[in-house]
Amino acid sequence: MTSSSSNKSPENAVNSASELTAGKRLRASDVAPWMFLGPALIIFSIYVLFPVLQSIWLSFFEWDGLGEKTFIGFGNYVELFDSDQFWTALTNNIMWMVLFMLAPPMGLAIALFLNQQVYGIRLVKALFFFPFVISQVVVGLVFSWFYDPSFGVLNSVITFFGGDPVSILADEDLVTYGIIAAGLWPQIAYCMILYLTGLNNLNHEQLEAARLDNAKGWKMLWYIVLPQLRPATFIAIVVTVIGALRSFDLVATMTAGGPWGSSTVLAYMMYEESIFNYRMGYGAAVAVVLFLIMDIYIAYFLWRMIRSEK
Amino acid sequence: MYPRPIEKASAFTNISYRVALPISIVLWLLPLLAVMATSVRSLNDINQGNYWGWPSEWMLIENYTQVFTSTPMFQYLMNSLIITLPAVAGCVALSTMAGFALAKYNFKANIWIFATFIAGNFVPFQILMIPVRDLTIQFGLYDTHWALILFHVAFQTGFCTLFMRNFIVGLPTELIESARVEGVSEFKIFWHIVLPLVKPATAALAVLVFTFIWNDFFWALVLVQSDEVRPVTAGLSALQGQWLASWQLISAGAVVAALPPVILFFTMQRHFIAGLTLGATKG
C-alpha cells in the first residue's frame, strides 16, 4: 500500500512502529471516512446537487413537463427579461431584501430590552421567540386575519382613531409591504435570539473598563458592544437575506401573488409558471436567476467560513 | 452584563420595566392572540361582527372538536407525523456519520465536501423543484409519504452535517486515537465511542429539524396532492380555501397545526436555541 502518502496524517504516524498492523490500519482509516460519508453524499447528490445542474440545463429548453423538450438557447431568458411580471417579481424581491434588513436592528433592540434577569424573563424571551417556531402558513393565516378590512385587528385600530378601513392585501401598492411585515415578525424573533446569545458572551472586563472611562449610551453600544456582537450580526444578516430571497410561503398563503401579480416574488413566479402554466423551462430560468442572486451570499458565507477554518 | 441590570436603576425605571414587559408581549403577540380568541367564538358571533367583544358563548370544545370531525385535520396531523418522524431519524443518522467523517479524518476533499453541504443548504428550493418532482414521479413515489420523507432527509442532511461536524470537532481526538492504537475498528469507534458522546447533540438537532420539516409548505405543495398524504401545512392552506367564512374553524385548525413544534420548543428550549445560534458567538 502507499504507506508513504498515508503516513502524512498525524494519527497514523504514531503507529508506524509495527509495519504490518500499521498497514492494515492505514487502509482502514483511508476508506473509513468515505464509508461514513457515503450515504449522506449519495442522497444529497441525488436530491440537491444534480437537480441544481439539471435545472440550469432545463432553463435552455421549452418544455411543458410531459412532451418533447425543445432546445431554445437563451430564449427563456430573453422572454424573461422582456416580461413585466419578471420585473415586478424582481422588484418585490429587492423590496423584501431591503425591508428585511430591519430585522437585525429590531432584533437587537428587543434583545437589549429583554437582556435582564428579572422574574419570569425566560418565559418572556420564549414568547418573543414564538413567531419563529410556528409555520409560515400559520403566520400567513394569522396576518390575513389581522389585516382583514371588515374585522381585522389592524382596521379596528385604524377605525378607532377615526381612519377609513384599508384592505391591505387587495391594494396593489400596499400588498407587498403587508406581506413583508408578516415576514419580519418571525425574522425579528430569530435575530433577537442570535443577539441574546451574543449578549450572553460579551467580554465583561472590556465593558467594565469602558464604564470606568465613562462610556455610555450610543457610544457604548457602537464602539464597545457592537464590535463584540459582530459574529451574531454576520449570521443575522446572512439568514435575513436568505430568508428574504426564499419568501414563498407567505406570498402563497396570503395572496397567491395577487392582486394581478403585484405581490409575486421570483420564488412564487417560478412555482406558478411551472405548475399552473406548464412552462417548466421558463420556470427553471426564473429559478436560475434566483439561484444566481443567492449565490453571491452563499459564496460570501463560504468564503468567511473556509477562511475561519484555516 | 449589558445593558446594566435594571435592579440597579431607579425604583421608577425598575417598576416601569416590569410593567412594560407584559404589555410588550401582548403587543408582539397581538395577531396570534386575535386568532386564538377567534378559535373559541361561535359562528354566530362572527356573523354578527362580534370579533372583539366578550364571546357570547365559549365554543372552545365545540370548535376544536369540529375541526377534527368535519375536516380531515386529524389525517393531516397524522401525515405530518408519518413524514416528519422518519425524516428526522434519517437525517440525524446520516449526518452523524458524515459529521464524524468530516470532523475526525484528514483527507484532501474534506473542507470542500463540508462546504458543499453548507452551500446546498442555502440553495433556493425552486432550483430543485422540477428535477426533484420528476425524480419523485419516476421513482413512483409522487403523492406518497416517501416522496416527502426522502427529500427532507436529503435536504436537511446539509444543515445537520454542519451541526454534527461542528459538535464532533470538539470531542477529544485522543480518545479515538487511543482506541485505534488498541486496534478497534473504525466502525466500532464510531458506535461505542462517538455515538454515546454525541447523544445530547442529536437530541438538540432532532428538535430543530422536526420543526423545520413539520413547518415545510413548499414541498408539501409540490410533491403530494391528496388528503391521504398531505401534511398539516398544505392541509390547512387547502382548508382556508374551502372554509372561507368559518374563521373560527380555520383559526382552531391553525392553532392545532402550530401546537406540536410549539410544545417541543417549550420543552426543549435550550437545545433548540443552541442549534439555531450555532456560530453566533464566534467566527
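**Chain B helices**

Mentor: Residues 189-214 of chain B are 100% helix and 0% strand, with the end C-alpha atoms 33 Å apart. Helices (H or I, at least four residues) and strands (E, at least two) are DSSP runs, numbered from the N terminus. This is a predicted model, where local features need pLDDT of at least 70, side-chain atom pairs count only at pLDDT 80 or more, and totals for chains, interfaces and linings use all residues. Residues are numbered from 1 along each chain as written, chains are lettered from A and ligands numbered from 1 in written order, and side-chain values use heavy atoms, leaving out hydrogens and water.

Trainee: How far apart are the end C-alpha atoms of residues 245-266 of chain B?
Mentor: They lie 33 Å apart, and that span is 91% helix and 0% strand.

Trainee: At what angle do α4 and α13 of chain B pack?
Mentor: Helix α4(B) (residues 60-70) and helix α13(B) (residues 247-267) pack at about 80 degrees, axes 9 Å apart. Axes are lines fitted to C-alpha atoms, for helices over the stretch in contact, and angles run from 0 to 180 degrees between N-to-C directions. The two helices are therefore roughly perpendicular (65 to 115 degrees).

Trainee: Which residues make the contact?
Mentor: On α4(B), they include B:Y64 and B:F68, and on α13(B), B:L249 and B:V256 are among them; contact means heavy atoms within 4.5 Å.

Trainee: New topic: which residues of α1(B) are buried?
Mentor: B:N14, B:Y17, B:L21, B:S24, B:I25 and B:W28, with buried meaning under 20% relative accessible area (1.4 Å probe, protein chains only). These buried residues pack against α6, α7 and α10 of chain A, together with α2 of chain B.

Notes: Parallel < 35°, antiparallel > 145°, perpendicular 65-115°, else oblique. Buried < 20%, exposed > 50% of the residue type's maximum accessible area, 1.4 Å probe, protein only.
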